[in-house]
Structures are given as structure tokens and as C-alpha cells.
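User: I'm new to this one. Can you walk me through it?

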Amino acid sequence: MFSEKMQQAFNAQINAEFYSEYLYLAMKAFFDEKHLAGFANWFNVQVQEEHAHGMGMYNYVHERGGKVELAAIEKPVLEGDCPVSLFEQVLKHEQLVTSKINALVDVAEAEHDRAALSFLDWYIKEQVEEEANVRQLLATLRLIGEDKKALLMLDRELAARTFVAPVIG
Ligand code: OFO
């Protein structure tokens, strides 16, 4: 039985995942504008990942016999205008998403919804990976500092990132 509370909490998280997609699309646009194609590619992969995260929950709500309700997606606002400040924002954002997933798990626990708990395990692990990847990139960017050559080398490296559709749940 998929409770009303669970349904509402899942719908809120669907919105958060699609907001992440939108935020990263705004960041891709930032780097496209600067002709940093590798960074833009990295964010394009993020966009696709977040879409997959949102759709994973969308499909799950249906699978449980619930109703998907899509809310408005907030306008993304970029904090800063350099790679370091944007990646700081990404890290802060992913930490926020982690806390939202944890809160969703709390609802599943309170509702004694074992199926939802098992489904959400994938998202818990994914958040650990998301945060670790961003932390790593942020550390590299801080090391690079004002070195343009190193920044272009990193840009070339990020151009190689490809999207692999995740198997969720
Ligand atoms: Fe969906 O993991 Fe990022 O936000």
C-alpha cells in the first residue's frame, strides 16, 4: 500500500530531481557561452543523470499505483561567475539533495514502507557518489587557481565524460 504521505514525498522529490536537471542545464549554458566545451559536456551528462533520477521516481510512483503530480520548477540562479564558485554551488546543492533523500527515507520509515526503503537505497548510494565526484573536481579546480593552461587541460578531460543510463532500484 502506497500511502498518501509517501506519494506526496515522492512527488516533492521528483520536483527536486527535475530542478537539479534545470540547474545543471543553466550551468551547461554558462560554460557553452564561455566556449569551455568539456565543462559544458560534464554538465550535459549531469542533466541526463538528473533526468534519469526524476524519471526513476516517476516510474516508481506509477509502479506502486500512485499518482504523479508535477509541480512548477523554480528558476535556477547561478551563484558566482567562475568554475570554482559554480562547483561550490553544485556541492552545496548535492548536499541539499542528500538531505532531501534522507528525509524521504524518514517518511518511508515512518510509513513502514519497506518496498520504498529498498527502492531508495539506490538513491542513497548515488548521492555518496555525486558528492564525491563534485568534491574531487572542486579540489582540482582550487589547485588550478588562475592557471589557464591547466584549466584548458581539465576542460579537455571533461569532454570525455559520457552518460551511462543508470539502472535504478
Ligand atoms: Fe539526483 O542527484 Fe544530483 O541532484
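User: Start with Lys-28. Not counting residues up to four places away in sequence, what does Lys-28 touch?
Analyst: Lys-28 touches Ala-40, Phe-43 and Asn-44. Bear in mind that this is a predicted model.

User: Where does Lys-28 lie?
Analyst: In helix α1.

User: And how far apart in space are Lys-28 and Trp-42?
Analyst: They are 7.9 Å apart, C-alpha to C-alpha. In sequence, 14 residues separate Lys-28 from Trp-42.

User: Back to α1 itself. How do the axes of α1 and α3 cross?
Analyst: At roughly 170°. Helix α1 covers residues 4–33 and helix α3 covers residues 83–110. Their axes come within 10 Å.

User: What does that make them, parallel or antiparallel?
Analyst: Angles over 145 degrees count as roughly antiparallel. So α1 and α3 are roughly antiparallel to each other.

User: Which kinds of residues make up the contact of α1 with α3?
Analyst: There are 19 nonpolar residues, four polar and four charged.

User: New topic: α5. Which of its residues are buried?
Analyst: Helix α5 spans residues 148–158. Its buried residues are Leu-151, Leu-154, Asp-155 and Leu-158.

User: What caps the N-terminal end of α5?
Analyst: Asp-147 does. One of its side-chain oxygens lies 3.1 Å from the backbone nitrogen of Lys-149.

User: Now Gln-46. Is it buried or exposed?
Analyst: Gln-46 is buried, with a relative accessible area of 1%. The cut-off for buried is under 20%. Gln-46 sits in helix α2.

User: Leaving aside neighbours within four places in sequence, what is Gln-46 in contact with?
Analyst: Tyr-24, Glu-94, Glu-130 and Arg-161. With Arg-161, there is a polar contact of 2.9 Å between the side chains.

User: And Thr-162? How far is that from Gln-46?
Analyst: They are 116 residues apart in sequence. In space, Gln-46 and Thr-162 are 9.8 Å apart, C-alpha to C-alpha.

Technical notes: Residues are numbered from 1 along each chain as its sequence is written. This is a predicted model: local features need pLDDT of at least 70, side-chain atom pairs count only at pLDDT 80 or more; totals for chains, interfaces and linings use all residues. Side-chain values use heavy atoms; hydrogens and water are left out. Axes are lines fitted to C-alpha atoms, for helices over the stretch in contact, and angles run from 0 to 180 degrees between N-to-C directions. Helices (H or I, at least four residues) and strands (E, at least two) are DSSP runs, numbered from the N terminus. Angles under 35 degrees count as roughly parallel, over 145 as roughly antiparallel, 65 to 115 as roughly perpendicular and the rest as oblique. Ala, Val, Leu, Ile, Met, Phe, Trp, Tyr, Cys and Pro count as nonpolar, Asp, Glu, Lys and Arg as charged, and the others, Gly among them, as polar. Buried means under 20% relative accessible area, exposed over 50%, partly exposed in between (1.4 Å probe, protein chains only). A polar contact is a pair of N or O atoms within 3.5 Å; within protein, one must be able to donate a hydrogen and the other to accept it, and residues adjacent in sequence count only if both atoms are side-chain atoms. Contact means heavy atoms within 4.5 Å.
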